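Welcome! Here is a short briefing on ring pairs and nonpolar cores. Have a look at the model first.

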Amino acid sequence: MKAAEKIKTLEVKSPAFSDRTIIPPVYTHDGRNINPPLTIGNIPHETKSLALIIEDPDAPRKTSFVHWLMWNIPPAPEIVEDSVPGFQGKNDFGNLRYDGPAPPSGTHRYFFKVYALDSLLKLKAGASRSELEKTMATHIIGYGDLTGLYGRAL
């Protein structure tokens with residue numbers, strides 16, 4: 001993140017669920033497995049692109065399990081349901097797409113992290129999370145997140 005400048009706080013919400021509430025099954029592996037709609041407010045006027053990381057920090061055997069990586073998203077106030085508005089990276093399922101919640105047990109947290117960037121990223125589709133984070137590190141001018149919950153009934 002930019003050290004010399006203050007990172008602005010983005011307002012990340014979804015019309016499908018509120019912060020720290022249950023993600024509807026349609027957006028999970030138990031449903032249609034499509035991305036939920038997101039709204040992004042307070043985007044700095046100098047934003048050239050957005051990046052998105054969706055992760056599950058409660059996944060077993062990993063520090064955090066990546067469900068979706070995307071960058072070079074136009075700086076618009078929403079990401080619509082079942083859409084691909086940018087370049088996609090490889091998630092931890094091994095896919096270049098959104099893969100929704102599929103917890104093996106218990107209720108997990110899913111962090112929808114949105115970054116406002118001061119440039120488009122020179123990064124090819126299929127990049128890893130570490131490649132995305134390294135490439136965008138000096139370009140972040142805004143950040144916000146939304147947390148959803150999901151657990152499977154036994």
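Leaving aside its neighbours within four places in sequence, which residues is F112 in contact with? Here contact means heavy atoms within 4.5 Å. The residues are V12, F17, I23, P36, L38, I53, I54, G144, D145, L146 and G148.

This is a predicted model, where local features need pLDDT of at least 70, side-chain atom pairs count only at pLDDT 80 or more, and totals for chains, interfaces and linings use all residues. Residues are numbered from 1 along each chain as its sequence is written, and side-chain values use heavy atoms, leaving out hydrogens and water.

**Nonpolar cores**
- A nonpolar core is a set of buried Ala, Val, Leu, Ile, Met, Phe, Trp, Tyr and Cys residues joined through side-chain atoms within 4.5 Å; buried means under 20% relative accessible area, exposed over 50%, and partly exposed in between (1.4 Å probe, protein chains only).
- The largest core has 23 residues, and L52, F112 and V114 touch the most other members.
- Strand β9 gives the most to this core, with four residues (strands are DSSP runs of E, at least two residues, numbered from the N terminus).
- A second, separate core of 14 residues includes I53, V66, W71 and Y115.

**Aromatic pairs**
- The whole structure holds four aromatic pairs, meaning rings of Phe, Tyr and Trp (its six-membered ring) with centres within 6.5 Å; planes under 30 degrees apart count as stacked, over 60 as edge-to-face and the rest as tilted.
- F65 and F93 are edge-to-face because their ring planes stand at 85°, with centres 4.9 Å apart.
- F65 is buried at 17%, whereas F93 is partly exposed at 34%.
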